[in-house]
Amino acid sequence: MKRSEHSRHGKVVLLTGASVGLGLAIARRLLEDESLHLVLTARAESLSRFAELGIDASDRVWLRALDITNDAERRAVVEEIDAELGGVNILVNNAGITYRTVAEYATAAELSHQMNVNYEGPMALAALVLPSMRRRRTGHIIQISSAGGLVAMPTMGLYSASKFALEAASEAMYYEVRPFGVRVTLVLPGFVNSPAYKHAVVGLLSRRATEQTNDPYHPHFENMDRMIGSMMSLTSATPESVARRVVKLMHRRRAPLRLLATWDARLLWWFRRFTPQGPYVWMTYRALPGIRKWGLPSEEENPQSTSSPARRTQPF
Ligand SMILES: NC(=O)c1ccc[n+]([C@@H]2O[C@H](COP(=O)([O-])OP(=O)(O)OC[C@H]3O[C@@H](n4cnc5c(N)ncnc54)[C@H](OP(=O)(O)O)[C@@H]3O)[C@@H](O)[C@H]2O)c1
């Protein structure tokens, strides 16, 4: 399709991580709108999922390989869109991964991978679509962030670090590109009822902590895993309900900087914003599941533990 045919398909939407989860739910909604030209992307090894899902390539729907951490792939997709369609109108940076690790066990490689996928890659892709958006004085960059970009939970520090970074950089970008008519929105879902939790990458040393009961961080993982698992299975928010909000956002004339996409994200936002620092930290600490058992010396560390109950440091 050549640039001259662009108007036939209206706005061009570029979506990352479109073959599963929230990305797929957004893709399915967008496919219903025949006025859009969709560029649905997935990592090369996941591209075949589209055919299995009944999503076929056409003039209006392009399926492209895009690993968000790969500069050559990012450039190839954007250059093709710029040349053939005149540029991206809406970028949805959805692709993301979740590392589960405690700070002490996080390796440099794990931190770098987490930041690459959730922060550096999306920002680099945004930078590539911006020149044409700026020139045309229109465009919308939608960054799928998270309630984890508002608050940080134990064992989720790397993930939150990446989303906090995305939040900060996107907030700055909002002010930078608004004078050119380009909008930036951070979408913050909280817990979403989906199998995404199973895709979490457990760090190398943290895996040991999940498996070995005498690891000092074992209770952290055991209790947090149970809590996160049950929150994700009990919440009424689904990839479809979040996707509905994302697509509605695309049609809004005035796009907000942040869209709190689930009820728990809204609750956390207000809690964080209006609770003074001391009570905020105290309440958060007290609410951690099984917190009384965290940090108890293991029998290995304290062979007397069965006869004399171990004392533990109480920070509050
Ligand atoms: N689910 C939740 O509870 C929740 C809550 C808040 C925010 N979010 C955010 O929502 C977004 C989507 O998450 P999800 O719940 O749909 O998770 P998901 O089911 O695990 O899907 C993640 C998507 O990201 C893709 N991806 C991973 N690494 C990539 C890379 N290097 N390059 C390109 N794509 C890559 C995956 O592709 P492959 O399948 O090929 O790996 C997959 O399409 C993420 O940004 C996540 O942080 C999710």
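Is Glu-171 buried, partly exposed or exposed, and what is its relative accessible area? In this predicted model, Glu-171 has a relative accessible area of 28% and is partly exposed. Its side chain meets that of Arg-258 in a salt bridge, with an N to O distance of 2.6 Å. Glu-171 belongs to helix α5 (residues 157–177) and Arg-258 to strand β9, so this contact ties together parts that lie 87 residues apart in sequence. Arg-258 is likewise partly exposed, at 21%.

This pair is one of the eight salt bridges found in a search of the whole structure. Another joins the side chains of Arg-64 and Glu-80 at 2.9 Å, N to O. Here strand β3 (residues 61–65) supplies Arg-64 and helix α3 (residues 71–85) supplies Glu-80, so the linked parts are 16 residues apart in sequence. Both partners are partly exposed, Arg-64 with a relative accessible area of 24% and Glu-80 with 27%.

Arg-75 is partly exposed at 37%, as is Asp-71 at 36%. Together with Arg-74, they are linked in a network of salt bridges.

Turning to surface charge, Arg-29, Arg-244, Arg-245, Lys-248, Arg-252 and Arg-266 form a positive patch. Helix α8 (residues 239–250) contributes the largest share of this patch, with three residues. Arg-252, by contrast, sits in the loop between α8 and β9 (258–260), and its relative accessibility of 40% makes Arg-252 partly exposed.

Key
Residues are numbered from 1 along each chain as its sequence is written. This is a predicted model: local features need pLDDT of at least 70, side-chain atom pairs count only at pLDDT 80 or more; totals for chains, interfaces and linings use all residues. Side-chain values use heavy atoms; hydrogens and water are left out. Patches are made of residues with over 30% relative accessible area and no salt bridge: like charges are joined within 9 Å, nonpolar side chains (Val, Leu, Ile, Met, Phe, Trp, Tyr) within 5 Å. Accessible areas come from the Shrake-Rupley method with a 1.4 Å probe; for residues, only the protein chains shown count as cover. A salt bridge is a side-chain nitrogen of Lys or Arg within 4 Å of a carboxyl oxygen of Asp or Glu. Lys and Arg count as positive and Asp and Glu as negative; His and the chain ends are not counted. The place of a charge is taken as NZ of Lys, CZ of Arg, CG of Asp or CD of Glu. Helices (H or I, at least four residues) and strands (E, at least two) are DSSP runs, numbered from the N terminus. Buried means under 20% relative accessible area, exposed over 50%, partly exposed in between (1.4 Å probe, protein chains only).
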